[in-house]
Each structure stands twice: as structure tokens, then as C-alpha cells.
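Q: I'd like to learn how to read a ligand site and a helix in a model like this. Can we go through them step by step?

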Amino acid sequence: MALIFHSELDRLEPWQEALRRHLPELDIRVWDAPGDPEAVEYALVWKPPAGGLRRFPRLRCIFSLGAGVDHILIDPDLPKGVPIVRMIDHSLTQGMTEYVLLHVLRHHRLQPHMEACQRAGRWEFVVAPLAEERRVGLMGLGVLGQAAARPLVELGFQVASWSRTPKSVPGVESFHGADGLAPFLARTEILVCLLPATPATAGILDAGLFAGLPRGASLINAGRGGQQVEPDILAALDSGQLSHATLDVFRQEPLPRDHAFWTRPDVTVTPHNAALTGPESGARQVAEGIRRIRGGRFPDHVVDPSVGY
Ligand code: NDP
Ligand code: OXD
């Protein structure tokens with residue numbers, strides 16, 4: 001029973017140790033030295049090179065090292081019919097909750113403006129409203145969106161969500177589908193995007209969407225770079241339609257050195273590090289998935305390739 005591992009981001013050793021603790025009999029192999037391809041039944045990957053998974057004719061499951069599976073589905077030569085499992089992991093969920101809370105509070109308390117005043121040596125007595133006077137909107141209310149919503153609701157923010165299907169989460173006003181987008185945007189002052197990258201969400205953060213927000217709204221995108229039309233973000237910032245953008249994901253990563261985002265005071269750039277999967281908790285999920293498959297059951301958290309998440 002062999003598992004093939006690929007990531008240019010995650011270190012193999014901690015995963016190897018954690019997986020061996022849960023499944024001592026698992027033979028963990030590296031991408032460039034897979035041995036007999038017939039022996040490989042499982043893959044644990046982040047951004048596998050296109051065509052690479054096809055080398056393993058007896059593959060029974062592909063585990064994503066992240067919550068997103070777009071990095072797997074993008075492969076035009078992906079083996080057909082092999083279940084793909086997304087990651088649900090404490091470290092990912094906690095990390096994203098912290099990221100969202102940090103940046104919502106930063107925008108809410110007008111911190112970028114205070115920092116500009118400090119740089120200019122200007123004492124400007126600005127008063128931020130209280131949380132209960134602020135309307136936060138979460139695009140995507142899945143595992144990460146629901147976890148991030150909880151502390152925002154507890155702090156008293158007026159929280160709403162937009163998702164594909166209706167949701168019932170305490171303290172969160174639910175909007176959904178194409179018809180729900182305009183009313184959701186119209187009431188949202190701080191917009192947080194936690195959508196997966198799918199054909200339906202590609203380029204969704206564009207000029208038309210920004211025009212639906214109240215003037216001076218701010219944007220936090222920790223979903224995927226392909227969701228944002230970057231020239232439209234710059235234009236919306238220039239016109240004042242957006243007051244600030246905090247971006248963790250980009251069309252091209254790493255963000256090219258000459259990109260306008262780097263130097264703008266109204267843009268906060270973070271290097272796609274909002275949340276990371278932890279090997280200890282992540283390995284538990286992978287081991288449980290493998291045990292289920294070996295027991296003739298289906299693993300949990302299998303994605304639907306036809307919708308893309
Ligand atoms: P989930 O699959 O649990 O949730 C996705 C949410 O998006 C669901 O609420 C879903 O609606 C909604 N959604 C999907 N498509 C549409 C659509 N076309 N219109 C409206 N709503 C839609 O994913 P997670 O919460 O676990 O993760 C979300 C994404 O966050 C990941 O796919 C990844 O891209 C990104 N991410 C980024 C990280 C970072 O470090 N920047 C780290 C981890 C994840 P419904 O509930 O109705 O299905
Ligand atoms: C993920 C990510 O999808 O880190 O988990 O982006």
C-alpha cells in the first residue's frame with residue numbers, strides 16, 4: 001500500500017512522520033522516485049504537475065493538501081473516476097479565522113487610514129463606529145466561512161453571507177445564488193471572499209461587482225487569485241469605490257515584483273499564507289480516508305468535480 005506525495009510548499013518529513021504514526025504500514029513515496037507505479041494507491045498532493053497522476057494506474061484516491069482542489073482539477077490529464085478529497089483541518093480553519101478577524105478589524109477600525117496619518121505625521125482624530133454598526137459580508141459560507149463568521153457575530157458585527165445554496169447559521173443573514181448577489185453586496189461594507197476557484201467564480205471580483213457595493217467599501221480576498229480582476233481592483237481603488245483591498249491570493253503567485261499592488265498604500269499584500277494545513281491534524285484525516293477506502297467505504301469530504309469544489 002503506497003502513497004505518492006507531492007508539494008513544493010509542504011515539507012515531506014513532518015507528513016511522513018505523522019502519517020506513519022497513524023498508518024505504520026503505509027509506504028510513502030516521493031514524486032520523482034515513485035518506484036513501481038502499480039503499487040501506488042493513494043496520492044497526497046499540492047499542485048501536482050499536469051499528467052503526473054496518470055502514471056499510477058491503480059490510484060484509489062487523491063487527497064488534496066489544501067482546502068482547495070482547483071490545483072488538481074486543472075490537470076487536463078487527471079485520471080477519470082478517482083475520488084478527490086479536500087482537506088478539512090484544524091490548522092487551516094483556525095488560521096483562516098484569525099486572518100479574517102485580523103483584517104476585518106483592521107478595516108473596521110480604519111487602521112490603514114491611521115497608518116497613512118502616522119506616515120504623514122498627522123494627528124487626525126478619527127472615530128471608528130462600533131462593530132454593531134458595521135456590515136460584513138462573507139462570499140462563501142463553507143467550512144472556512146462558517147468558522148470565520150462565528151467570532152464576527154460574537155463581536156456584534158452585522159454579518160451576511162452569499163453562497164450557492166441557502167444557509168442557516170445563527171447570526172448570519174443568508175443570501176444565495178445569482179438573485180441574492182445584488183442585495184448582499186448593497187448591504188456589505190467589508191467584503192470577505194472565501195470562495196473556491198471554479199468556472200462559476202472565475203473573475204467574479206470585477207468592476208460590476210464592486211459597483212454594487214456601497215462607496216468606500218473594502219475588500220479582503222483569501223479565496224483564489226483567479227476570482228479577482230486585478231485592473232478592476234486598481235480602478236475601483238482609484239475612483240474611491242473601494243477604500244482598501246487586502247489580498248492574500250493573486251492571479252500570478254508569487255506576485256510579480258513590478259505589480260502595482262506592492263507599492264500602493266491602499267493595498268495590503270500577504271503571500272497566500274492566510275491558512276496552512278497542519279501535518280499532524282491533516283495526516284489524521286488522510287489516514288481515516290485510507291482506512292475507510294480499505295474497509296470498502298467511501299472517504300469523507302469527496303468533492304464534486306462537476307461543480308469544482
Ligand atoms: P467549502 O467548499 O467548504 O465552501 C465553499 C463555499 O463557497 C460554500 O459556501 C459554497 O456554497 C460557496 N460557493 C461555491 N461556489 C459558489 C458560487 N458559484 N456562488 C456562490 N457561492 C459559491 O470551502 P472552504 O470554506 O473550506 O474553502 C474555501 C476556499 O478558500 C478554498 O476553496 C480555497 O480556494 C480558499 N482557501 C484559501 C486559503 C489561503 O491561505 N488563502 C487557505 C484555505 C482555503 P454552498 O455552501 O452553497 O455549497
Ligand atoms: C488551500 C490553500 O486551499 O492553502 O488550502 O490555499
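Q: Which polar backbone atom is 2.8 Å from an oxygen atom of ligand 2?

A: The general idea is to look for pairs of N or O atoms within 3.5 Å. In this predicted model, a polar backbone atom of G68 is 2.8 Å from an oxygen atom of ligand 2. A backbone N or O atom of A67 lies 2.7 Å from a ligand 2 oxygen, and H272 places a polar side-chain atom 2.7 Å from an oxygen of ligand 2. The protein covers 86% of the 210 Å² of accessible area that ligand 2 has on its own.

Q: Which residues are around ligand 2, and how do they split by class?

A: Around ligand 2 you'll find W46, G66, A67, G68, L92, R224, H272 and A275. By class, that shell has four nonpolar, three polar and one charged residues.

Q: Okay, now the helix. Which residues of α8 are buried, and why do they sit on the same side?

A: Start with the general idea: an α-helix has 3.6 residues a turn, so residues three or four places apart point the same way. In α8, residues 230–239, the buried ones are E230, I233, L234, A236 and L237. They're on the same side of α8 because they cover an arc of only 165° around the axis. P231 and D238, on the other side of α8, are exposed.

Q: What do the buried residues of α8 pack against, and what follows the helix?

A: They pack against α7 (207–211), β10 (217–221), β11 (242–247) and β12 (267–269). After α8 comes G240, with a positive phi near 85°.

How values were computed. Residues are numbered from 1 along each chain as its sequence is written. Chains are lettered from A and ligands numbered from 1 in the order in which they are written. This is a predicted model: local features need pLDDT of at least 70, side-chain atom pairs count only at pLDDT 80 or more; totals for chains, interfaces and linings use all residues. Side-chain values use heavy atoms; hydrogens and water are left out. A residue is near a molecule or strand if one of its heavy atoms lies within 4 Å of it. A polar contact is a pair of N or O atoms within 3.5 Å; within protein, one must be able to donate a hydrogen and the other to accept it, and residues adjacent in sequence count only if both atoms are side-chain atoms. Accessible areas come from the Shrake-Rupley method with a 1.4 Å probe; for residues, only the protein chains shown count as cover. Ala, Val, Leu, Ile, Met, Phe, Trp, Tyr, Cys and Pro count as nonpolar, Asp, Glu, Lys and Arg as charged, and the others, Gly among them, as polar. Buried means under 20% relative accessible area, exposed over 50%, partly exposed in between (1.4 Å probe, protein chains only). Helices (H or I, at least four residues) and strands (E, at least two) are DSSP runs, numbered from the N terminus. The arc is that of the directions from the helix axis to the C-beta atoms. Contact means heavy atoms within 4.5 Å.
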